[in-house]
Amino acid sequence: MYNLAPSKQDKILEVIATVAELESSLKPLKAKGLKIALVPTMGALHNGHLSLIAEAQKKADVVVCSIFVNPTQFTDPKDLEKYPRPLEHDIKMLTEAGCNFVFMPSVKEMYPSYPSPENWAIDLGNAEYVLEGEFRKGHYQGVTQIVFKLFDAVKPDVAFFGQKDFQQVLMIKNMVNELGLDVEIMTCPIIREEDGLAMSSRNIHLSPTDRAHSLVLSKALFFIEQNYEKQSFSDLLRNAKQIINEAPDVELDYLTIVDGDTLLPITEKAHQNTVALVAAKVGETRLIDNVIIN
Ligand code: AMP
């Protein structure tokens, strides 16, 4: 999907493992006044990640992609253990994409006292505790902890995140406001497979049957999007849940229509900032997806 100009392929990707190395590599570039972008990821890269790199390249002179499977944001140790880590594939993708730096630190580099926890408690507002925050307790404290550390290491002018993790972007913006950080946060649209499934590193865990069943999630969201003006909230949600129930082995955590800032369900049709979000286990794999309605 992201075809690369030949000139981009000539660039050399620098692989960096420590904060000290990263700081010394970026220092001369910053001294020249170049604009630095950060794209934080957990690796197992796909076209969704590459769309963030492509947007970062449009907006900045130097693009740093981080790959770090952050243990403090996982609530299920098995999920952390089985998270895919295809590093050679990732490096190849970033090289072909013309990314300048990939920062791949060890857990000890980011958390010297690991597995002893470090102090981190930040007020992210009430939206921290709903949706993903309800099903994955403490998840956004872990996410903001690592993103803060990455911001501190890279000191980017701008950082890119995907709308795929809608609540995550809100939490990061809340952290930036709360701590008064000097970094611009950009949100990029969801990249989907041709049949509608939102791309995700976790899709690799779906069996062929799960993969077929997973389509009910995007179908339900598109149903809400297309019928939003025509149906009441209760009809929209009931009909969309029926679509999800058509697939066996899909265990719904939530399907909801919310205000994009508070993440609380809306009861009256609003003309802006309305989002429908879904989370479900498909077989053994937990997937999330959303559509911005207006
Ligand atoms: P992850 O590696 O899953 O932590 O994701 C790293 C970044 O890529 C996050 O900002 C995600 O929201 C974003 N991302 C993941 N999947 C997609 C997708 N399908 N489309 C756009 N962005 C995505």
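Helix 3 gives the shell around the ligand its largest share, 3 residues. Keep in mind that this is a predicted model.

**Around the ligand**

- The shell counts 17 residues, and those that come nearest are His49, Gly162, Asp165, Ile191 and Met199.
- Asp165 uses its side chain here: one of its N or O atoms sits 2.6 Å from an oxygen atom of the ligand.
- Ile191 works through its backbone instead, with an N or O atom 2.9 Å from a nitrogen atom of the ligand.
- Met199 also brings in a polar backbone atom, and that one is 2.9 Å from a nitrogen atom of the ligand.
- How much of the ligand's accessible area does the protein cover? On its own the ligand has 480 Å², and the protein covers 93% of that.
- Strand 2, helix 3 (47–59) and strand 5 (158–162) are the elements that give two or more residues to the shell.
- By residue type, the shell splits into 9 nonpolar, 6 polar and 2 charged.

**Helix 2**

- Helix 2 runs over residues 19–31, which makes 13 residues.
- From first C-alpha to last, helix 2 reaches 18 Å, close to the 18 Å expected at 1.5 Å a residue.
- Which residues of helix 2 are buried? They are Leu22, Ser25, Leu26 and Leu29.
- That spacing is worth a look, because an α-helix has 3.6 residues a turn, so residues three or four places apart point the same way.
- The cover over these buried residues includes four strands, namely strand 1 (14–16), strand 2 (36–41), strand 3 (62–67) and strand 4 (101–103).
- Helix 8 (139–154) is also included in that cover.
- After helix 2 comes Gly33, and its phi is positive, near 85 degrees.

**Ser66**

- Why does Ser66 count as buried? Its relative accessibility is 0%, and buried means under 20%.
- Setting aside neighbours within four places in sequence, Ser66 is in contact with Leu38, Val39, Pro40 and Thr41, and also with Phe103 and Leu150.
- Ser66 and Asn100 are 34 residues apart along the chain, while their C-alpha atoms are separated by 11 Å.

Technical notes:
Residues are numbered from 1 along each chain as its sequence is written. This is a predicted model: local features need pLDDT of at least 70, side-chain atom pairs count only at pLDDT 80 or more; totals for chains, interfaces and linings use all residues. Side-chain values use heavy atoms; hydrogens and water are left out. The expected span of a helix is 1.5 Å times one less than its number of residues. Buried means under 20% relative accessible area, exposed over 50%, partly exposed in between (1.4 Å probe, protein chains only). Contact means heavy atoms within 4.5 Å. A residue is near a molecule or strand if one of its heavy atoms lies within 4 Å of it. A polar contact is a pair of N or O atoms within 3.5 Å; within protein, one must be able to donate a hydrogen and the other to accept it, and residues adjacent in sequence count only if both atoms are side-chain atoms. Accessible areas come from the Shrake-Rupley method with a 1.4 Å probe; for residues, only the protein chains shown count as cover. Ala, Val, Leu, Ile, Met, Phe, Trp, Tyr, Cys and Pro count as nonpolar, Asp, Glu, Lys and Arg as charged, and the others, Gly among them, as polar.
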